[in-house]
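These are my notebook entries from going through one model, taken down in the order in which I looked things up.

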Amino acid sequence: MEPVGLYIHVPFCDGKCPYCDFFSLRGSEKTMDEYTECIVRELKKYKKEYPALQADTLYFGGGTPSLLGARRLCRILTVAKEAFGLENAEITLEANPDKSLKELFGQVRQAGVNRISLGLQSADERELHTLGRQHTAQQAAQAVADARDAGIAKVSLDLMLAVPGQTRQSLRNSIRFCLEAGVTHLSAYLLRVEERTAFWQQRQTLCLPDEEESARLYESACAQLEAGGLRQYEISNFAVPGCESRHNLKYWNLQPYLGFGPAAHSYFLGRRFYRTRSLRAFLNGEEPLPETDEEIPAGSFTEYAMLRLRLTEGLTEAGCRACFGSGIPEEVRRAARRYEAAGLTRTGPAGIQLTTQGFLVSSALLAELLFSDGNGQELA
Ligand code: SF4
């Protein structure tokens, strides 16, 4: 059985950032203890059901996993290792740099955490304030240094593009800040105002960059990061070569992963399933629900192609043959060639990739490549 990735959703945060629609809430010490024991039970349950199953990545995501504290994180890690081996695994902890993380990093390093992902979002104090972040850029720089001092060499920062009031210069400064901090990985997401957020209520008065300016911000971020040694490997992800997120690559390579905790998603044995956004339901032992998308069946070529085309490596002939026993379908190649002249795709005998321009219109472009009747439409 192929080793899986383990994702543990830690749904606790100190407050709610106005742009965030992840499932998170405030948790008391008692609730966090209950949650931890529930995760432990679930891990053991899978071990019992699939004794031979091994894992080679584990990702504590959230929420704010660092809020759980070393004792609970180490308890989960000990059980996960007993159950799934985690030999030479990549073990990531997401953390918020709003308080000192020095001691925590030292303790979780001992338990096997070897990668830290910090929510920076911006190095501009005004933008941090707009985003409701409770840390300064300096605290984030300190957290990067603390991770390294604890012996955790792989550090990633999250950065947000198209923040209200952001300029090309302020973004350039934020990226320079990340590069100077010496991180090995960076995720740069364009802000999307989602319905379940405070920003949604304020959307008429938010001074958001328009679509064209957002595109310019994205392009300049890609260029600056590449020049700074962080190579783009996915629409929103950049890394020093060799430091790509092994866990997240499983999502884009259609490899199996198991999600634990409320709102966590899984892809396992060819099936997709998820847990509802309810801590109470999770603590009460509610079973995960199947994901039903009749248009894109789990494990299908269409799903594989949609995920792979998020990667700069793209959809490869060899990858398709290895997964499905046949190469890239001719109609997909034909559709991709059609958008090459507009600078949205690159095609060749080895496969198909989206360009930076293609990434900017990826939703519409993927629909054209994978679902179109061949007539095409204007996307550029
Ligand atoms: S952005 Fe992160 S810290 Fe802020 S509410 Fe969402 S999960 Fe919590």
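In which loop is Gly63 found? I am working from a predicted model, and in it I find Gly63 in the loop between strand S2 (55-62) and H2.

**Backbone around Gly63 and the ligand**

I looked at the peptide bond that joins Gly62 and Gly63 and noted that it is cis, with omega at about 20°. Gly63 also turned up when I listed the residues around the ligand, which are Cys13, Gly15, Lys16, Cys17, Tyr19, Cys20, Gly63, Thr64, Asn96 and Arg133. Sorting this shell by residue class, I wrote down four nonpolar, four polar and two charged residues.

**Positive phi values**

Asn88 lies in strand S3 (residues 85-95), and I recorded it as exposed because its relative accessible area is 68%, the cut-off for exposed being over 50%. Another entry is Ala162, which is not a glycine either and has phi near 65°. I placed Ala162 in the loop between strand S5 (154-161) and helix H6 (168-181), and with a relative accessible area of 4% it is buried.

**Packing of H1 and H2**

How do H1 and H2 run relative to each other, roughly parallel or roughly antiparallel? I noted an angle of about 5° between H1 and helix H2 (residues 69-84), with the axes 9 Å apart, and the two helices are therefore roughly parallel to each other, since angles under 35 degrees count as such. On the H1 side, the residues that make the contact include Met32, Ile39, Val40 and Leu43, and on the H2 side they include Ile76, Val79, Ala80 and Phe84. When I sorted the residues of this contact, they divided into ten nonpolar, one polar and nine charged.

**Salt bridges**

I counted 22 salt bridges in the structure and followed up a few of them.

The side chains of Lys30 and Glu34 meet in one, at 3.8 Å from N to O. Both residues lie in helix H1 (residues 29-49), four residues apart, which is about one turn of the helix. Lys30 is exposed at a relative accessible area of 61%, whereas Glu34 counts as partly exposed at 31%.

Which parts of the chain does the pair of Glu244 and Arg231 tie together? The closest N and O atoms of this salt bridge are 3.1 Å apart. Glu244 lies in the loop between strand S8 (237-239) and helix H9 (246-252), and Arg231 lies in strand S7 (residues 231-234), so the pair ties together parts that are 13 residues apart in sequence. I recorded Glu244 as buried, with a relative accessible area of 16%, while Arg231 counts as partly exposed at 36% relative accessibility.

Terms used. Residues are numbered from 1 along each chain as its sequence is written. This is a predicted model: local features need pLDDT of at least 70, side-chain atom pairs count only at pLDDT 80 or more; totals for chains, interfaces and linings use all residues. Side-chain values use heavy atoms; hydrogens and water are left out. A residue is near a molecule or strand if one of its heavy atoms lies within 4 Å of it. Ala, Val, Leu, Ile, Met, Phe, Trp, Tyr, Cys and Pro count as nonpolar, Asp, Glu, Lys and Arg as charged, and the others, Gly among them, as polar. A salt bridge is a side-chain nitrogen of Lys or Arg within 4 Å of a carboxyl oxygen of Asp or Glu. Buried means under 20% relative accessible area, exposed over 50%, partly exposed in between (1.4 Å probe, protein chains only). Axes are lines fitted to C-alpha atoms, for helices over the stretch in contact, and angles run from 0 to 180 degrees between N-to-C directions. Angles under 35 degrees count as roughly parallel, over 145 as roughly antiparallel, 65 to 115 as roughly perpendicular and the rest as oblique. Contact means heavy atoms within 4.5 Å.
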